[in-house]
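Open the structure in your viewer and keep the selection tool at hand. The stops below are given in the order in which to select them.

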Amino acid sequence: MLARIEGSGGAAQYLAVDAPITDVSQFQSVRMRFTMHNAGTSAITAAPQLEYRLRGTTGYTSVPESLLKGIPFSVDREWVPSGGAAGGTKQGPLGEDIAVDEFLTGSQGDSLAMVGHHSMGANPDRSLTLPSDSYTEQEFTVLVTADAKYLNTYEFRVTNGRIMLAGTQVATVRLGAPPTLKLSPGQHKGVAVRAPQPARGNDVAK
């Protein structure tokens with residue numbers, strides 16, 4: 001399940017389960033929530049890791065914990081109300097639990113629901129253990145950087161050290177069209193020119 005975070009300190013606006021975001025923009029933050037289900041007969045321990053790829057390519061890459069040149073995403077802190085008399089916002093925590101009664105992706109039949117976690121800084125996130133026939137929800141907050149390409153579609157998944165976790169789905173995020181250039185009064189559209197060339201001397205000694 002995906003959610004938009006609109007503006008500094010804005011509330012997350014969740015979409016329907018499995019619905020893609022089709023018009024995200026650069027510098028926008030998105031929440032990505034996944035169901036993790038252990039349908040086996042033995043407990044499993046996993047360190048959920050968020051990975052991405054450009055649709056149509058092979059191989060996933062881990063989403064970094066900080067801004068990196070050429071990388072279109074990073075795991076990001078959220079801004080929350082400061083709670084002070086003057087208002088304003090402050091950076092939120094690096095992570096927080098997701099109570100079972102706050103799950104959004106739906107129940108898994110008679111399986112046992114375990115407390116989930118929301119990461120806003122760590123990838124992979126802290127380890128968790130799922131008993132036999134149990135499930136939980138894992139969420140990451142992701143910043144779309146300036147290196148994400150407009151009109152391109154990216155796919156995200158949660159793994160345990162590159163191993164796809166059972167019961168998880170792929171989330172899809174597509175960037176919209178680039179914003180329209182709006183000129184201020186007195187401004188004019190320019191034309192592309194060649195880069196300046198190195199000047200050559202006349203070989204005359206001074």
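**Salt bridges, stop by stop**

Select Arg33, Glu137 and Glu139: a network of salt bridges links these residues. A salt bridge here is a side-chain nitrogen of Lys or Arg within 4 Å of a carboxyl oxygen of Asp or Glu. The structure has 8 salt bridges.

This is a predicted model, in which local features need pLDDT of at least 70 and side-chain atom pairs count only at pLDDT 80 or more, while totals for chains, interfaces and linings use all residues. Residues are numbered from 1 along each chain as its sequence is written, and side-chain values use heavy atoms, with hydrogens and water left out.

Next, select Arg157 and Glu51, whose side chains form a salt bridge (3.0 Å, N to O). Arg157 is in strand 16 (residues 153–160) and Glu51 in strand 6 (residues 49–54), 106 residues apart. Strands (E, at least two residues) are DSSP runs, numbered from the N terminus. Arg157 and Glu51 are both buried; buried means under 20% relative accessible area, exposed over 50%, and partly exposed in between (1.4 Å probe, protein chains only).

Now select Arg55 and Glu155, a salt bridge with its closest N and O atoms 3.2 Å apart. Arg55 sits in the loop between strand 6 and strand 7 (61–62), and Glu155 in strand 16, 100 residues away. Arg55 is partly exposed at 47% relative accessibility, whereas Glu155 is buried at 11%.

Last, select Arg126 and Asp97, a salt bridge with its closest N and O atoms 2.5 Å apart. Arg126 lies in the loop between strand 13 (116–119) and strand 14 (128–130), and Asp97 in strand 11 (residues 95–98), so the pair ties together parts 29 residues apart in sequence.

Technical notes:
Helix = DSSP H or I, 4+ residues; strand = E, 2+ residues; numbered from the N terminus.
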